[in-house]
There are 2 protein chains.
Amino acid sequence: MKVVALAGGVGGAKLADGLAQILLADLTVVVNTGDDFDHLGLRICPDLDTVCYTLAGLANPLMGWGRMDETWHAIETVASLGGPDWFNLGDRDMGTHLERTRRLRMGQPLSEITRVFCQAWGIESLVLPMSNDPTPTIVLTDQGELPFQEYFVHQKCIPKVTGFRFEGSSRAVPAPGVPDAIREADLIVVCPSNPWVSIDPILAVGSIRASLQPKTVIAVSPIIGGKTVKGPAGKMFTELGFESSAKAVAGHYGKLLTGFVLDQVDGDDEDKIHSSSLEVLVTQTMMKTPEDRKQLAADVLSFGYKILSDKIDRKEK
Amino acid sequence: MKVVALAGGVGGAKLADGLAQILLADLTVVVNTGDDFDHLGLRICPDLDTVCYTLAGLANPLMGWGRMDETWHAIETVASLGGPDWFNLGDRDMGTHLERTRRLRMGQPLSEITRVFCQAWGIESLVLPMSNDPTPTIVLTDQGELPFQEYFVHQKCIPKVTGFRFEGSSRAVPAPGVPDAIREADLIVVCPSNPWVSIDPILAVGSIRASLQPKTVIAVSPIIGGKTVKGPAGKMFTELGFESSAKAVAGHYGKLLTGFVLDQVDGDDEDKIHSSSLEVLVTQTMMKTPEDRKQLAADVLSFGYKILSDKIDRKEK
């Protein structure tokens, strides 16, 4: 079974890792690059790095982002000299940004750089940025428009959200490999990432959303028991006038979905979400251990396989 | 006594440190920036950093360059991703380059950035780049023209030297503070740095050499017993057709000098160098310990004081 996973940061990377352990080269992860930004003269791609570090087994297990066995000497020096230290960068992580920035300046596209890095890190699955064109996510708030990292890291998600803008996304071209991977995929998995600022930016790139319409698409809810495991997704749903719930996530993706996976603690919502056009799976979605990642991936793949088999059965009848 | 020291890398930084310990704010160190270059998107100023780290007590005592308690995680990552690692950069050191590069991009001049850094590092003496204008040193060799770090670090000084070029130096403007410091100085000390690629680049900037002509200038030989303590100065003298000796150093600086300091092991050369226009001091110039630096600085200052007193005596007669 060929699978394309759409992923943002920490939660998405965990499920992508579970899928990668099972599918190896049959998995393509398309990663949000709307969070990417320039800082200290470096091009930083937080979601891409989180996915790659996680799949390579290099991620910091406590923080979820950044590298394990990390030191912080460069950013400490920057801070001691009066420079900006609101975006924390470890030394090993800094090496990734330095080399990526060097290659970008040489004219290498981000997708090619990511391929080289994944090879160096021994990642068997294909990891692709959603686009080589920058499409910065702008958060519309009660304090004005804020670039994503300004909202997310510098202002700690405190401003109240009123909407989002993905600059240049309609004109952006999906990265080489993304259209083929989607076309060839049996199943699309929307990872438990923030729908507003991790998945929507991917869907907004060029023709990506349209290309997903005919596919079998399963989303895993990032909201468990009304809360997000990490990050501001729940807060965003509330501030935008929705309830913070798995049901709201399913509603957000709407007709894009063929299947929806929610946690056992939200099992009561199953009947409210299930419809003639949307299959629902209730399982354990909280990923605390590496085994949890693989188990959830296996559950999602079985669920997808069942939906695909049913489709074939219906056609044959 | 107000003193201006001209300095390059490790040897120069050591004497500058000895002078700084005695003179504090009465010392201005004018540092070679001909070695400066762009690497990994960072502006790197090797001599400026060596002088500042040394004066701040932050220098790596074993290597002479770079920071103490250093880690190498960023450059290790760059290397693991296929990037260039021929110029070794520690993580703490990387922080200096990141913040300097950030400030340069904001439009701050190098001299102002150096002032801010020296303040952060608690350096009481004034450290100035020779110029805010880039004047890259090009080494002319039997293998063609090589940018300095390409010759010095990447090719390990192996190509045979035929000459040097200091690009743009005649049009370059001395950094703010340099002309005033020279005018107000009682004594100019040419540190035991490489005459060809550390001191000559300073002398070549705009009107700096001319402004030194009326001053009392003492040079300390970087060549001891026919050899340089560190670096390719001796090799350069030989390849350019001179003998590698303290005498050759004195000859190189010529009429610029009022006094010359050479090591005890070269004491036999004293009579050959001494002339009606050049005073000579023989003393221990090898700086192995922090005490050596201060002792040599004290010897140089006493020697300078004697020369200045004699001048006044002669005028009064």
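Colleague: Is F237(A) buried or exposed?
Modeller: This is a predicted model. Around F237(A), 24 other C-beta atoms lie within 10 Å. The cut-off for burial is 20 or more. F237(A) is therefore buried.

Colleague: Which residues does F237(A) touch, not counting residues up to four places away in sequence?
Modeller: F237(A) sits in helix 10 of chain A, residues 233-239. With residues up to four places away in sequence left out, F237(A) touches F242(A), E243(A), S244(A) and A248(A).

Colleague: How many Å apart in space are F237(A) and V30(A), C-alpha to C-alpha?
Modeller: In sequence, F237(A) and V30(A) are 207 residues apart. In space, C-alpha to C-alpha, the separation is 24 Å.

Colleague: Now chain B. Is G225(B) buried, exposed or partly exposed?
Modeller: G225(B) lies in the loop between strand 11 (223-224) and strand 12 (227-228) of chain B. It has 14 other C-beta atoms within 10 Å. Burial needs 20 or more, and exposed means 12 or fewer. So G225(B) falls in between and is partly exposed.

Colleague: Which residues is G225(B) in contact with, leaving aside its neighbours within four places in sequence?
Modeller: D263(B) is 38 residues from G225(B) along the chain, and their C-alpha atoms are separated by 7.8 Å. Beyond the sequence neighbours within four places, the contacts of G225(B) are V265(B) and D266(B).

Colleague: Which residues have the most contacts inside the largest nonpolar core?
Modeller: That core has 192 residues. For A5(B), the contacts beyond four places in sequence are A16(B), L19(B), L27(B), V29(B), V189(B) and C191(B). The residues with the most contacts inside the core are A5(A), A16(A), A5(B) and A16(B).

Colleague: Which element gives the largest share of the side of chain B that touches chain A?
Modeller: In all, 26 residues of chain B are in contact with 26 residues of chain A. Helix 3 (73-80), helix 4 and helix 5 (110-120) of chain B each give two or more residues to this side. The largest share is ten residues, and it comes from helix 4 of chain B.

Colleague: How are helix 3 of chain A and helix 4 of chain B oriented to each other?
Modeller: Helix 3 (residues 73-80) of chain A packs on helix 4 (residues 91-105) of chain B, with the axes 7 Å apart. Residues making the contact include H73(A) and V78(A) on helix 3 of chain A, and D91(B) and E99(B) on helix 4 of chain B. The crossing is right-handed. The angle is about 45°, and the two helices are therefore oblique.

Colleague: What covers the buried residues of helix 3 of chain B?
Modeller: The buried residues in this helix are H73(B), A74(B), I75(B), T77(B) and V78(B). Their cover includes elements of both chains: helix 4 of chain B, together with helix 3 and helix 4 (91-105) of chain A.

Colleague: Which residue takes a positive phi just after helix 3 of chain B?
Modeller: The phi there is about 90°. The residue is G82(B).

Key:
Residues numbered from 1 in each chain as written. Chains lettered and ligands numbered in written order. Predicted model: local features only at pLDDT ≥ 70, side-chain atom pairs only at ≥ 80, totals over all residues. Core = buried A, V, L, I, M, F, W, Y, C linked by C-beta atoms within 7 Å. Contact = placed C-beta atoms within 7 Å. Axes fitted to C-alpha atoms, helices over the stretch in contact; angles between N-to-C directions. Helix = DSSP H or I, 4+ residues; strand = E, 2+ residues; numbered from the N terminus. Parallel < 35°, antiparallel > 145°, perpendicular 65-115°, else oblique. Left-handed = near helix turned anticlockwise from the far one by under 90°.
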